[in-house]
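Welcome! Let us walk through this structure together, one part at a time.

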Amino acid sequence: MKVLLCTTSFQNITNGPTKFANFLYRNSKGEKGLEVHILTEDILEESTRLHKCQIGIFRKILPVAPVYRMMKYYVKSKQLNQIYKFDYVIYNNAIYGLIHAFFKNNVVGMINDYSNQKNISTRSVFNYKFIKKSIFKYLEKKAIKYSHLILTNSDFLTKELKHSYPKYSSKIVRLYKG
């Protein structure tokens with residue numbers, strides 16, 4: 001089985017999802033039937049199974065950044081799929097896989113924290129945190145809707161997401177990434 005794992009960070013290991021991506025890359029070279037390729041913006045040089053996604057200046061400008069990043073990862077993963085014929089494309093952040101999931105049914109997304117589920121104190125449309133949280137919550141819901149499967153990293157998160165999105169609860173499963 002060939003899998004493309006799309007992750008925004010890879011060489012700069014600062015969190016669990018990045019550690020998981022590195023673990024998969026090191027331990028899935030095709031010998032046991034699983035070949036994992038990585039697509040990331042966080043590498044200096046490409047190699048056989050390590051591919052660069054050029055993001056550019058818009059990566060930090062909200063609300064453009066998430067949609068821009070989705071497009072960049074979708075286009076590059078589509079190019080790579082023409083060469084490698086991946087069985088699944090996994091996004092380490094389900095939101096960035098939204099466009100891909102909309103067009104293909106072999107996309108798996110990961111939700112690694114509860115931040116989009118938390119309530120924020122103010123509802124002012126002029127509050128930056130409220131706007132950002134609202135955008136990400138909307139994108140997360142759409143990512144869950146269109147993804148083939150959603151992986152979480154804890155029973156707590158799985159339960160909370162199933163409660164927040166009961167219509168899609170059958171798609172949400174826990175996978176310990178350690």
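**A guided tour of the chain**

Starting at the N terminus, the elements of the protein chain follow the order β-α-β-β-α-β-α-β-α-β-α-β. That comes to five helices and seven strands. Helices (H or I, at least four residues) and strands (E, at least two) are DSSP runs, numbered from the N terminus.

Before going further, please keep in mind that this is a predicted model, in which local features need pLDDT of at least 70 and side-chain atom pairs count only at pLDDT 80 or more, while totals for chains, interfaces and linings use all residues. Residues are numbered from 1 along each chain as its sequence is written, and side-chain values use heavy atoms, with hydrogens and water left out.

Let us begin with the chain as a whole. Of the 178 residues in the protein chain, 43% are buried. Here, buried means under 20% relative accessible area, exposed means over 50%, and partly exposed is in between (1.4 Å probe, protein chains only). The protein chain exposes about 10200 Å², and 56% of this is supplied by carbon and sulfur atoms. Such accessible areas come from the Shrake-Rupley method with a 1.4 Å probe, and for residues only the protein chains shown count as cover. Among the contacts in the protein chain with a separation of 6 or more, 55% are between residues 24 or more positions apart; a contact means heavy atoms within 4.5 Å.

Gln 11 sits in the loop between strand E1 (2–7) and H1, and is partly exposed because its relative accessible area is 43%. If neighbours within four places in sequence are set aside, Gln 11 is in contact with Asp 42, Ile 43 and Leu 44. Asp 42 is 31 residues away from Gln 11 along the chain, yet their C-alpha atoms are separated by 6.0 Å. Helix H1 (residues 16–27) includes Gly 16, a partly exposed residue with a relative accessible area of 40%.

Strand E2 (residues 35–40) is our next stop, and Glu 35 belongs to it. Not counting residues up to four places away in sequence, Glu 35 touches Met 1, Lys 2, Val 3, Ser 28, Lys 29, Gly 30 and Arg 49. Glu 35 and Tyr 25 are ten residues apart in sequence, with 8.4 Å from C-alpha to C-alpha.

How many salt bridges are there? The count comes to two, where a salt bridge is a side-chain nitrogen of Lys or Arg within 4 Å of a carboxyl oxygen of Asp or Glu. One of them joins the side chains of Glu 41 and Arg 69 (2.5 Å, N to O). Because Glu 41 lies in the loop between E2 and strand E3 (50–52) and Arg 69 in helix H2 (residues 64–84), the pair ties together parts that are 28 residues apart in sequence. Both Glu 41 and Arg 69 are buried.

In another salt bridge, the side chains of Asp 155 and Arg 174 meet (2.7 Å, N to O). This pair links distant parts of the chain, with Asp 155 in helix H5 and Arg 174 in strand E7, 19 residues apart. Asp 155 is partly exposed, at a relative accessible area of 46%, and Arg 174 is partly exposed too, at 36%.

Next comes a backbone detail. Most residues other than glycine have a negative phi. Lys 85, although not a glycine, has a positive phi of about 55 degrees. Its place is in the loop between H2 and strand E4 (88–91), and Lys 85 counts as exposed because its relative accessibility is 55%.

His 100 is in helix H3 (residues 98–103). Is His 100 buried or exposed? His 100 is buried, since its relative accessible area is 6%. Not counting residues up to four places away in sequence, His 100 touches Tyr 74, Ser 77, Val 89, Tyr 91 and Val 107. Leu 161 lies in helix H5 and is buried, with a relative accessible area of 0%. Leu 161 and Ile 144 are 17 residues apart in sequence and 9.6 Å apart in space, C-alpha to C-alpha.

To finish, find Lys 167 in the loop between helix H5 (155–164) and strand E7 (172–174). Lys 167 counts as exposed, at 72% relative accessibility.
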